[in-house]
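User: Please examine the model shown below and answer some questions on its surface, its fold and its confidence.

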Amino acid sequence: ASRFRGVSKAHGGKGPKPWVANLTITKDGKSRQIHIAYFARKEDAARAYDRVSIAKLGHAEAKTNFPVAEYRAEWAQLEALGVEGAVARERQRAK
């Protein structure tokens with residue numbers, strides 16, 4: 001388990017990318033989990049979660065693992081991307 005919101009061990013914690021970031025979205029009363037990506041370091045997974053959370057809720061409402069001010073330079077871009085765009089960007093970064 002991880003102390004970071006939205007981060008857990010994947011594949012039993014084995015392999016080159018043992019950490020996974022996921023975000024839960026609720027729409028029309030239905031919850032669904034969005035897989036963001038797999039990561040080698042849990043801190044990287046936590047930052048990916050933070051970025052997608054900012055894209056989802058905006059920087060004022062997002063609950064992040066690290067201080068939201070660390071993402072100040074990215075706020076406008078993340079909010080413009082939306083959840084799907086931010087997830088795609090984080091998956092690209094994780095490769």
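This is a predicted model: local features need pLDDT of at least 70, side-chain atom pairs count only at pLDDT 80 or more; totals for chains, interfaces and linings use all residues.

User: What radius of gyration does the protein have, and why does it agree with a compact globule?
Analyst: The C-alpha atoms fill a box of roughly 35 × 30 × 25 Å along the principal axes. For 95 residues, a compact globule would have a radius of gyration near 12 Å, so the protein's value agrees with that expectation. That value is 13 Å.

User: Which strands are the edge strands of the sheet?
Analyst: Along the sequence, the elements follow the pattern β-β-β-α-α. The 3 strands form an open sheet with antiparallel pairing, in the order β1-β2-β3. Each edge strand pairs on one side only, and these strands are β1 (7-9) and β3 (30-39).

User: Which residue of β3 is the bridge partner of Lys27?
Analyst: Strands β2 and β3 run antiparallel and are joined by 9 bridges. In β3, the partner of Lys27 is Lys30.

User: Which strands does helix α2 lie across?
Analyst: Helix α1 packs on the sheet and touches β1, β2 and β3, with its direction at about 20° to that of β2. Helix α2 (residues 75-94) runs at about 25° to β3. The strands that α2 lies across are β2 and β3.

User: Which element has the highest mean pLDDT?
Analyst: The protein averages a pLDDT of 95, and 99% of the residues score at least 70. Among the elements, strand β2 (residues 19-27) has the lowest mean, 94. The highest mean, 97, belongs to helix α1 (residues 42-57).

Key
Residues are numbered from 1 along each chain as its sequence is written. Side-chain values use heavy atoms; hydrogens and water are left out. pLDDT is the predictor's confidence in each residue, from 0 to 100. Helices (H or I, at least four residues) and strands (E, at least two) are DSSP runs, numbered from the N terminus. Two strands pair if DSSP finds at least two bridges between them. Contact means heavy atoms within 4.5 Å. Axes are lines fitted to C-alpha atoms, for helices over the stretch in contact, and angles run from 0 to 180 degrees between N-to-C directions. The radius of gyration is taken over C-alpha atoms; the globule rule is 2.2 Å times the number of residues to the power 0.38.
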